[in-house]
Amino acid sequence: MATKAPKNDIDETRVRVSQPKEVAVGIPAVLHALQIAQEQMGAARSVQTLMRVNQKNGFDCPGCAWPEEDKRHVAEFCENGAKAVAEEATLRRVGAAFFAEHTIDELRGHDDWWLGQQGRLTQPMILEEGATHYVPVEWDAALRLVAGHIAAIDDPDETVFYTSGRTSNEAAFLYQLLVRGIGTNNLPDCSNMCHESSGSALTETIGIGKGTVSLEDIHKADLLIVAGQNPGTNHPRMLSALEKAKQRGARVIAVNPLPEAGLLKFENPQTVRGVAFGGTTIADRFVQIRSGGDQGLFQAIGKHLLEAEQREGGVIDRAFVETFASGFDAYRQAMAEVTWAELVEATGIQEATLREIGDDVLSSKGTIVCWAMGLTQHKHSVPTLRDVVNVLLLQGNIGRAGAGVCPVRGHSNVQGDRTVGIYEKPSADFLDALDREFAFRAPRKHGFDTVEAIRAMRDGRVKFFMGMGGNFVSATPDTAVVEAAMARVDLTVHVSTKLNRSHVVTGRRAIILPTLGRTDRDRRGDTEQRVTVEDSMGAVHASRGRLAPPSNELLSEVAIVARLCGHLFDAAPLSRAESNAPRAEWTALETDYSRIRSHIERVIPGFEDFESRIEKGRTLLLPNGPRDERRFATADGMARFTANPLEYPVIPAGRLLLQTLRSHDQYNTTIYGKDDRYRGISDGRRVVLVNADDLVDLGFDEGEIVDLVSEWRGSDGSTEERRAERFRLVSYSTPRGNAAAYYPETNVLVPLDSVADVSGTPTSKAVIVRLERRAG
């Protein structure tokens, strides 16, 4: 039997600190995964469930979006994947009795870990204005209430529809159709907060907002640069791919402000070498860069390559540059003008080392650059990623085997959601195809991204908020502002599998619509349904849950959206849009998901023969112009070199630059446990990692309890302060002036208006803070 949910929050007075690990995974990871699976699911259910994760006849892991090889291992999951599955397949339940026992005020007082540990939601609930408790509500009544509220809003732009990356392609496609049928493009999603900078830079420079590599390319690469990413915690199955690349002779450069165990050494628990012979050293070179200094690193590599080309020739792929690229001369001039002294200052790395890294790239026959949030959540993230592309273009490392760009997506279908239309700035081609398929006119005005949606809610310009999965309140920046903004909304609706903070920080009224998870059997009508997801590398495959749902009352995300569409567009059409509602057989779509895939096939290029191509576990590889044929859908039809002024954070005296990050017992805002095993943190989360010399210079001792106070200069020149209380100082290997602490606890410090240029992504890796000692 699974254990009961915890009665208390994390006791931060019990936190323990030990030496960080220098090796990842191994037998400890297996044991920890099995322990959490046993606690949540029990022994028999754990075996039944874990053997179906990422299998061709099973379900896609609800964790990260790392792809699988065609030939699957019997245990095709990692430690954190097992934790994600255990959280969803838990035997713990949250129903009417739970909500009757706990007031909304009491629930608000609990931490994110406690809320998530309570279990699966089992029936629709409603919180009326001024009420102290959620109470049950029937499905039809709940959906009619939601539809009626939407229909009563005069301006559709006063509605916001958020999407999490766990939503399937089928549910996301229907969801965006519902929203555009209402008359708005207010479709913020979790991409706005993570890889929006990647999409912005890549679309501009190579004409597609996705990576250009396959899993086989990773295995074939000569050099892999892994920058601003911690695969040992966030994408552990990536370590197997890196190991295979190493065995084939690849070199790996790890670039990060913190040394991460997964990029130092990997003990693969599925191999004899990993269990008995000490594993595989992953990083041939660890580059401990200053936070926000990555643009300087890639400019240094580019400058070094160009100088070598000028001295000896043969370095630049002239045929590629002259045939497929534009802007080379301006880029070459910009790199001639930037000085090595500036690059050293930006990165914190000596010129000799920067040149050695440049030599690694120069001698590579095929280079892949992988990155995640460490590169995307800075003010200058988009220029940084343009400079990543510049380096790859110099040697023709786009559109050939073993080379390219690899933005590693986090959530399991965050890329797929964007592909099928979850985007606040849709293309005209997509909207035109949608119009033809559903015989209506979709809105053309761009909608709110995540930060813009929060501003609109804060200013009282939003009357309705709906979240399709995710935990909006805990995932977003500037927590106090977000909580106050949510309170101004008339009705908030969340489609969720488990309890989270967004259910207890609500609008004036709130509805929880519980849904099936990825692991649950989904029977619609007389048929078991399957959904599809897209991985980080543009491959789409089917997923079919196998477990009995935690409640007979649950609906799938597809069913919830289809029924809402029926209420809005058929049963009681929107008075303002009776002649402009999308036309579809909503009941048929609810009971047969293949009909949705037929619509997707006719609307979105690349999904031809969708149904047949996902039969029997096969994968549909979406077209990718730069990868497939060196075709670039940019403004001039060429891959574009760009000249970008060097930018990097300047840290005021007596202050630190804080980056928010995950612990190892965490995935996004879901906290599985109290530990961060690889960083040596146990039984607590409110710690801040600071360089030992910085502690001395600032007059603090390790172990002291401090408040973190962020400082932000507003557009009018005034200074704003935000405070996160009671953090324990931990001496850690960080660059001087840099610090790190876990989110969502430190999201309160990230100013809403501090966003990346172009992409609007919150700058969660670049928060200026000071430490304040607490009395006593």
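This dialogue walks through a few features of a predicted model.

Biologist: Which strands pair with β32, and in which sense?

Modeller: Strand β25 (residues 656-661) pairs with β32 in the parallel sense over 5 bridges. Strand β29 (residues 687-690) pairs with β32 in the antiparallel sense over 3 bridges.

Biologist: How do I read the side chains along a strand?

Modeller: In a regular strand, side chains alternate between the two faces of the sheet. In β32, Asn738, Ala740 and Tyr742 point one way, while Ala739 and Ala741 point the other way.

Biologist: Are the residues of β32 buried or exposed?

Modeller: Buried means under 20% relative accessible area. In β32 (residues 738-742), 5 of the 5 residues are buried, so the strand is largely enclosed by the rest of the structure.

Biologist: Where does Glu243 lie, and why does Glu243 count as buried?

Modeller: Glu243 belongs to helix α12 (residues 238-247). Glu243 counts as buried because its relative accessibility is 4%.

Biologist: What is Glu243 in contact with, leaving aside its neighbours within four places in sequence?

Modeller: With those neighbours left aside, Glu243 is in contact with Phe266, Asn268, Thr280 and Ile282.

Note on methods:
Residues are numbered from 1 along each chain as its sequence is written. This is a predicted model: local features need pLDDT of at least 70, side-chain atom pairs count only at pLDDT 80 or more; totals for chains, interfaces and linings use all residues. Side-chain values use heavy atoms; hydrogens and water are left out. Helices (H or I, at least four residues) and strands (E, at least two) are DSSP runs, numbered from the N terminus. Buried means under 20% relative accessible area, exposed over 50%, partly exposed in between (1.4 Å probe, protein chains only). Contact means heavy atoms within 4.5 Å. Two strands pair if DSSP finds at least two bridges between them.
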